[in-house]
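The following note sets out points for a colleague who intends to work from the coordinates. Please read it beside the sequence and the structure.

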Amino acid sequence: MQTKTSQSHSPAISMGSSEKVPNGCLTTASDRDDTPFDLLRDFYDGVIAGGAAGVFVEAALYPIDTIKTRLQAFHYQKVAHAGGQIMLKGLYSGLAGNLAGVLPASAIFVGVYEPTKQKLLNVLPENLSALAHLTAGAIAGAASSVVRVPTEVVKQRMQTAQFSSAPDAVRLILAKEGFKGLYAGYGSFLLRDLPFDAVQFCIYEQLRIGFKLAARRDLKDPEVALIGAFAGAITGAITTPLDVIKTRLMVQGSGNQYQGICDCVGTIMREEGSHAFWKGVGPRVLWIGIGGSIFFGVLERTKQILEERRPRHHKS
């Protein structure tokens with residue numbers, strides 16, 4: 001989840017992590033047997049932690065996301081700029097409505113990711129942990145897309161000044177484009193976010209495992225923040241072309257300048273050149289890099305708090 005999106009951090013070890021640690025290191029909560037109760041608990045903790053992390057990131061970095069969206073929509077949405085300059089007015093436009101969607105979307109993502117990862121790590125050989133993280137990230141991204149796509153559509157339409165409020169955006173989109181209008185660019189969203197979610201979480205988890213093994217201790221807050229930022233920035237950069245395609249399809253509205261992903265790619269190449277696929281890469285990398293640091297930090301810290309509050313006989 002770009003933040004989505006879009007992303008984990010704290011001295012605590014992720015409760016869903018089942019990597020083995022060297023002798024002398026603390027064992028993790030994930031070294032327990034994989035019982036139905038454990039999976040349900042991972043889901044519950046993931047929902048709470050994911051929702052909190054998503055809201056923190058979105059509220060803190062929304063203006064950067066708005067600038068990124070306007071840069072990517074520059075050629076198509078004339079309303080997004082004035083006199084060749086990207087508007088810096090209304091950078092928080094659509095924030096309230098977006099938070100209303102980000103909260104359940106992030107909760108669903110992490111709620112699905114944690115137990116799925118736990119199950120896969122228990123089933124697959126230890127040397128295939130990266131595959132478990134990749135698969136869990138993609139599955140969680142697909143599950144949360146049901147909420148994330150309408151949220152993204154409304155957010156980006158408001159960021160490009162098409163609507164003044166989220167309720168108006170939803171009402172007018174439904175009136176002009178029907179229910180499918182809320183899922184404009186759904187295919188391009190999945191094309192961007194499933195690889196993004198899978199790669200970002202895999203990079204983060206693998207770096208975290210490697211650091212723990214090398215340092216023979218749990219991670220400290222700044223270390224987790226750095227890993228989260230690196231995973232977010234790298235993934236954000238390499239998926240920028242997919243993000244541009246997704247943005248163009250989502251903000252076009254009923255005009256239908258683009259007839260689909262292939263037509264969008266061809267039109268951009270023909271009219272703007274290949275460099276257009278990298279529009280907004282700076283704000284995107286900055287936004288997702290900082291966002292990854294915050295997201296993973298809040299996520300891990302929240303999970304640690306939930307773990308510490310759990311009754312002692314549940315922590316075996």
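1. Terms and basis. A contact means heavy atoms within 4.5 Å. Helices (H or I, at least four residues) and strands (E, at least two) are DSSP runs, numbered from the N terminus. This is a predicted model, in which local features need pLDDT of at least 70 and side-chain atom pairs count only at pLDDT 80 or more, while totals for chains, interfaces and linings use all residues. Residues are numbered from 1 along each chain as its sequence is written, and side-chain values use heavy atoms, with hydrogens and water left out.

2. Confidence. The pLDDT, the predictor's confidence in each residue on a scale from 0 to 100, has a mean of 79 over the chain, and 80% of the residues reach 70 or more. Where pLDDT is low, the predicted coordinates should not be read in detail.

3. Overall architecture. The chain contains nine helices and two strands, arranged along the sequence as α-β-β-α-α-α-α-α-α-α-α. Of its 316 residues, 54% are buried, where buried means under 20% relative accessible area, exposed over 50%, and partly exposed in between (1.4 Å probe, protein chains only).

4. Annotated spans. An unreviewed UniProt entry places the feature "transmembrane region" at residues 91-110, 130-149, 224-242 and 285-302. UniProt positions follow the numbering used here, feature names are shortened, and annotations may be inferred rather than shown by experiment. In the model, residues 91-110 are 80% helix and 0% strand, with end C-alpha atoms 28 Å apart. For residues 224-242 the figures are 95% helix and 0% strand, with 27 Å between the end C-alpha atoms.

5. Positive phi values. Most residues other than glycine have a negative phi, and most peptide bonds are trans. Ala161, which follows α3, has a positive phi near 65°. Ala161 sits in the loop between α3 (129-159) and α4 (166-177), and is partly exposed at a relative accessible area of 37%. Its C-alpha atom is separated by 8.0 Å from that of Ser93, 68 residues away along the chain. Arg216, likewise not a glycine, has a positive phi of about 55°. Arg216 lies in the loop between α5 (186-215) and α6 and counts as partly exposed at 45% relative accessibility.

6. Helix α8. Within α8 (residues 261-271), Cys264, Thr267 and Ile268 are buried. They lie on the same side of α8, because they cover an arc of only 95° around the axis, the arc being that of the directions from the helix axis to the C-beta atoms. An α-helix has 3.6 residues a turn, so residues three or four places apart point the same way. The cover over the buried residues of α8 includes α7 (240-251). Cys262 and Arg270 are exposed on the other side of α8. Gly273, which follows α8, has a positive phi near 90°.
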